[in-house]
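Biologist: Could we go through this structure together? I would like to begin with one residue and then look at its surroundings.

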Amino acid sequence: MNVPLHNKITIDTYMTPLDHPEFAGHEQIVFATDNETGLKAIIAVHNTNRGPGLGGCRMWNYASANEALTDVLRLSKGMTYKNALADLALGGGKSVIIANPRTDKTPELLRAFGRHINRLSGSYITAEDVGISSDDMEIIGSQTQFARGTEATGFGDPSPYTALGTFVGIKAAAKHKFGSEDLTGLTVSLKGLGHVGYDVARQLHEAGARLIVSDIYDPAVQRAIEELGASSVSPDDAHLVEADIFAPCALGGGLNADTIPQLKVAVVAGAANNQLETPEDGAALMKRGILYAPDYAINAGGVISVALGEPGASDTIVRQKTLAIGGTLSQIFDRADAEKRPTNIIADELAEERFQHHHNPA
């Protein structure tokens, strides 16, 4: 059959997920839809050498399916590294629902998503992330046993543990950079006041730090001003603020060739995933003398609680492992100094040592 030229060009230039620059050897990528509820989701499992791919579900109003695919692939790979660095018997996976969480979320849509998770038979375990609350996870969990962070599967909302680990990580970074973990009088520009970001801001305030906050949701900003004595800037200006520490706690990709030269801080340490747009951005931060706390090391508290928070589990054990994030970061910082290499590369190597040659048939 003769193919018209314009059709042939479309076929030849069409990029599949296998060709995507962020593919990174993913084991499984699933596109999930449901006509009745309008569900459009992507589920990505990066690596299961250490165990099932565990990672949260993000609901976001992506500009395009390609943007969503890029995000889920990067996040999924990041979970492999995060779970390995946290020494959990889990691989890495992630999922995204392409929709506005404030206007498009319905119980029916979440249940449809849960049914898709169930069809994967445990190769992927979902949990809470941006745009998905603990209540949402209860609805998703009603359709599948492969959902964590619910009342039936542990401690419920994992965000307090993510916030705790991030706060401990910020103190570890401050100690390495400034010689003390005392945050009194330090200025922190914190971008993103969701469940995690606001809790990090609260702990920073209680530790004596001065806060400059930003978020696309103005009520959260006003709450921080009233309750935490914070001042505010627009999210676009958060990285421009002159401060001691920049704490990105919103979406990733904010540290890049454009923004890094504009930073006026000594430390970058926050809860956001995939903060570096490219691995080379870690070297750019080091060249500027800015200490970077690798994101998947500092924000691992949530996944630790999800992984270890089985029914009947001890909160003390989960908190102890979360508090150990500070020690892990100190190890990364010291090794980076000794070898004169970027902290993100050191963190990657430590994680790869744990998952590349490890196989757990469970």
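Biologist: Is Lys94 buried or exposed?
Modeller: In this predicted model, Lys94 counts as buried because its relative accessibility is 3%, and the cut-off for buried is under 20%.

Biologist: Where is Lys94 placed?
Modeller: Lys94 lies in strand E5, which covers residues 91-98. The unreviewed UniProt entry gives Lys94 the feature "active site".

Biologist: Which residues does Lys94 touch, not counting those up to four places away in sequence?
Modeller: Among them are Ile42, Ile43, Ala44, Gly55 and Gly56, as well as Tyr124, Asp129 and Asn273.

Biologist: Now to helix H6. How many residues has helix H6?
Modeller: Helix H6 has twelve residues, 195-206. From first C-alpha to last, helix H6 reaches 17 Å, close to the 16 Å expected at 1.5 Å a residue.

Biologist: What do the buried residues of H6 pack against?
Modeller: They pack against helices H5 and H7 and strands E7 and E8. The buried residues of H6 include Val196, Tyr198, Val200 and Leu204.

Biologist: Let us turn to the open sheet. In what order do the six strands come?
Modeller: The order is E9-E8-E7-E10-E11-E12, with parallel pairing. Strands E9 and E12 are the edge strands, each pairing on one side only.

Biologist: How many bridges join E10 to E11?
Modeller: Two bridges join these parallel strands. Ile245 stands opposite Val267 in E11.

Methods: Residues are numbered from 1 along each chain as its sequence is written. This is a predicted model: local features need pLDDT of at least 70, side-chain atom pairs count only at pLDDT 80 or more; totals for chains, interfaces and linings use all residues. Side-chain values use heavy atoms; hydrogens and water are left out. UniProt positions are given in the numbering used here, feature names are shortened, and annotations may be inferred rather than shown by experiment. Helices (H or I, at least four residues) and strands (E, at least two) are DSSP runs, numbered from the N terminus. Buried means under 20% relative accessible area, exposed over 50%, partly exposed in between (1.4 Å probe, protein chains only). Contact means heavy atoms within 4.5 Å. The expected span of a helix is 1.5 Å times one less than its number of residues. Two strands pair if DSSP finds at least two bridges between them.
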